[in-house]
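Let's walk through a protein model together, one piece at a time. Keep the picture beside you and look for each part as it comes up.

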Amino acid sequence: MKVICVSNPIRKQTFTVGKWYDSKDSLYHHRATPGYIFVKGNNGLWAYMNRKYFRTVEELREEKLKELGI
């Protein structure tokens with residue numbers, strides 16, 4: 001799944017706001033915690049990140065439709 005970084009107060013070097021990244025749902029990992037996903041960062045390594053810092057294409061679409069009142 002592809003996600004876009006929308007905020008990153010913690011790992012500024014690893015993730016760039018506005019850039020798309022490959023991700024995996026945390027449910028595929030033994031440390032699965034609701035609200036977290038694995039994201040492949042700029043450095044090529046996978047990081048366990050809070051979901052609130054990323055959006056999917058579908059989520060962006062829904063947010064835009066709400067903004068437009070549709």
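We begin with the sheet, then turn to the core, a few loop residues and the charged pairs.

This is a predicted model, in which local features need pLDDT of at least 70 and side-chain atom pairs count only at pLDDT 80 or more, while totals for chains, interfaces and linings use all residues. Residues are numbered from 1 along each chain as its sequence is written, and side-chain values use heavy atoms, with hydrogens and water left out.

Start with the strands. Strands (E, at least two residues) and helices (H or I, at least four residues) are DSSP runs, numbered from the N terminus. Here 5 strands form an open sheet in the order E4-E3-E2-E1-E5, with antiparallel pairing. Strand E4 (46-50) and strand E5 (54-55) are at the edges with a single partner strand each, so one side of each has no neighbour in the sheet. Two strands count as paired if DSSP finds at least two bridges between them.

Now cross the sheet strand by strand. E3 and E4 are antiparallel and pair over 5 bridges; in one of these, Val-39 has Ala-47 in E4 as its bridge partner. The hairpin of E3 and E4 has 5 residues between the strands, and in this hairpin Gly-44 takes a positive phi near 85 degrees. Next, E2 and E3 run antiparallel and are joined by 3 bridges, with Lys-24 opposite Phe-38 in E3. Strand E1 (residues 2-5) and strand E2 (residues 20-25) are also antiparallel, with 3 bridges between them. Along this pair, Val-3 stands opposite Tyr-21 in E2, and Ile-4 stands opposite Trp-20 in E2. Finally, E1 and E5 pair in the antiparallel sense over 2 bridges, and Cys-5 faces Phe-54 in E5.

Which residues make up the largest nonpolar core? There are 10 of them: Val-3, Cys-5, Phe-15, Tyr-21, Ile-37, Val-39, Ala-47, Met-49, Tyr-53 and Phe-54. A nonpolar core is a set of buried Ala, Val, Leu, Ile, Met, Phe, Trp, Tyr and Cys residues joined through side-chain atoms within 4.5 Å. Buried means under 20% relative accessible area, exposed means over 50%, and partly exposed lies in between (1.4 Å probe, protein chains only). E1, strand E3 (36-40) and E4 each supply at least two residues of this core. Leaving aside neighbours within four places in sequence, Phe-54 has contacts that include Val-3, Phe-15, Ile-37 and Met-49; contact means heavy atoms within 4.5 Å.

Thr-56 is in the loop between E5 and helix H1 (57-68). It counts as buried because its relative accessibility is 7%. Thr-33 is in the loop between E2 and E3, and counts as partly exposed because its relative accessibility is 32%.

How many salt bridges does a search of the whole structure find? There are 5, a salt bridge being a side-chain nitrogen of Lys or Arg within 4 Å of a carboxyl oxygen of Asp or Glu. One of them joins Arg-55 and Glu-63 (2.8 Å, N to O). Arg-55 is partly exposed at 23%, and Glu-63 is partly exposed at 34%. Another joins Glu-67 and Lys-64 (3.7 Å, N to O). Glu-67 and Lys-64 are 3 residues apart in helix H1, so about one helical turn separates them.
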